[in-house]
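Welcome! Please take a look at the structure below, and then read on for a short tour.

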Amino acid sequence: MESYHSVAVIGAGLAGLYAARLLKEKFPDVVVLEAQNRIGGRVKQVHGMAPWPIEAGPEFVHGRNSVLVKLAETHMGVTFSEKEWPDWWYFGKEVGGQGLINDEQVDDEVDKVHDLFGDCEDEEVPPPGRDVSAAEWMARKGCTPRQVAVADACYANDFGCSLRQLGLREMIHENKKWDSGETYLLMDRSMGHIVTHLAEGADIRTNWVVASINYASAAGGGVTIQAEDGRVVRCKACLVTVALPVLQKGMIAFNPSLPAPKAAAISRIRMGNAVKVIMGFSRRFWAKDMYDVVCPGAFVPEFWMLQHTVTNPGAGTPNCVVGFLAGERADAICRMDPEDVKRRFLSQLDEVFATPGDARPASSSLVQCQIVDWSQEKFVGGAYTYPTLGAEAGDRAALAAPVAGKLFFAGEATNEDCNPCMQGAMDTAARAATQITAVLSGGAAAAAPRSRL
Ligand SMILES: Cc1cc2nc3c(=O)[nH]c(=O)nc-3n(C[C@H](O)[C@H](O)[C@H](O)COP(=O)(O)OP(=O)(O)OC[C@H]3O[C@@H](n4cnc5c(N)ncnc54)[C@H](O)[C@@H]3O)c2cc1C
């Protein structure tokens, strides 16, 4: 079975869906080929644990100045609530023993870490081939073990890695280029609504696992895309939006092979894993307005409690806590027995929330536990790319660069500003849509402006 299209987009994550939406006006026959039996990619929910969908993937919108916020507010009537991040800290005995304190009560050591990471753009960029990890950088700055623990739990975990994996060169670049703003926003509904909105009216073929892409001139001037089951799509322009591990593992065969600079970038940039440990409790044992707790040196470095509008009355419990571990911590937890993970997170929550009359508030009220391990998602293979130790200047641009005027690349890893957020993925879609439109309209693959609705 064969079909012919002006543009074929591979992957129905935010980048693929947004690109298809932008391209559809000029190229109504644009088709989206998605390997899974669902759309959304990393935007995915866990249903049934709470009376609303719990986000297994992204759930916070980082900054107000973004294409995502504009789309959601203007076209979907979404409202956002603003949160402080982090709003609470828990310091166990090994890291000062202050216990549970709010962000206004933290000491100078925490402030020093915020200053260090917040102002890292003032640091000298490491020369080519001599990148430095954030761990080494902090050691050179004379940081204390407690400051290192704060940075690891607060910054590295959020970047999706550990301090040893976090590269100074890309971190400085990310810091300089970040222009979304510093607010933490929560949507009034599930992220799934963004996916549904972007997919409206699109020609999306699910269960379409792309196995090979032939863009050799001999293939009739266009691109031939073949599925695992033999189906074929031919097109003038092909936009690849798959997650980086799909390219790293060679899950799609390119003919001819991808150019050397792109292949080198694919091998250097890294995506870390992330694990969410989601627990539902029969009662709320934390303060009603408490939202996020960072726990330096603890088993789970960060957890949060979210309350959403009930959309599925009667399902699960509204008292849910989400633990978030990324990078090496996520790798380690995936090697553990899930019962051990559950036991250790419960005892951490017991320690944080124990009162004189209630020593085990979490253990005594657990209803359900689910562990979401993103390394097990065959067509994603991790969480998001992080500022990678050893990635070179120009790697992200090489990853994003069009090939032979007919193969285009988008998706969070291709964001030259090193922005792995949802809006970062959508910005790359806008850039690729502009490049494709220019080429198919007879122009060159031009540099594109940042997306703005
Ligand atoms: C646990 C977690 C927490 C996160 N938290 C946040 C957050 O709070 N805020 C935020 O802004 N961002 C967050 N992110 C990052 C955000 O989810 C991503 O930046 C964004 O969703 C990436 O979109 P994408 O389209 O680039 O990639 P993807 O969503 O990975 O889409 C790529 C698509 O390609 C498909 N595909 C792969 N291989 C093939 C193939 N061979 N053939 C056909 N299709 C294929 C995949 O199935 C997938 O649907 C988080 C991510 C995770 C995993």
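## About the model

This is a predicted model, in which local features need pLDDT of at least 70, side-chain atom pairs count only at pLDDT 80 or more, and totals for chains, interfaces and linings use all residues. Residues are numbered from 1 along each chain as its sequence is written, and side-chain values use heavy atoms, leaving out hydrogens and water.

## The annotated site

In the unreviewed UniProt entry, the annotation "binding site" covers Glu-34, Ala-35 and Val-210. These residues span 177 residues in sequence, yet no two of their C-alpha atoms are more than 7.9 Å apart, so they gather at one spot. UniProt positions are given in the numbering used here, feature names are shortened, and annotations may be inferred rather than shown by experiment.

Glu-34 sits in the loop between strand 2 (31–33) and strand 3 (45–46); strands are DSSP runs of E, at least two residues, and helices are runs of H or I, at least four, numbered from the N terminus. Glu-34 is buried at 5% relative accessibility, where buried means under 20% relative accessible area (1.4 Å probe, protein chains only). Ala-35, in the loop between strand 2 and strand 3, is buried at 17%. Leaving aside neighbours up to four places away in sequence, Ala-35 is in contact with Asn-207, Trp-208, Val-209 and Phe-379 (contact means heavy atoms within 4.5 Å).

## An enclosed helix

Helix 6 (residues 168–177) has 7 of its 10 residues buried, so it is largely enclosed by the rest of the structure. Among the buried ones are Leu-168, Met-171 and Ile-172. Their cover includes helix 3 (108–118) and helix 12 (395–400).

Technical notes. Buried means under 20% relative accessible area, exposed over 50%, partly exposed in between (1.4 Å probe, protein chains only).
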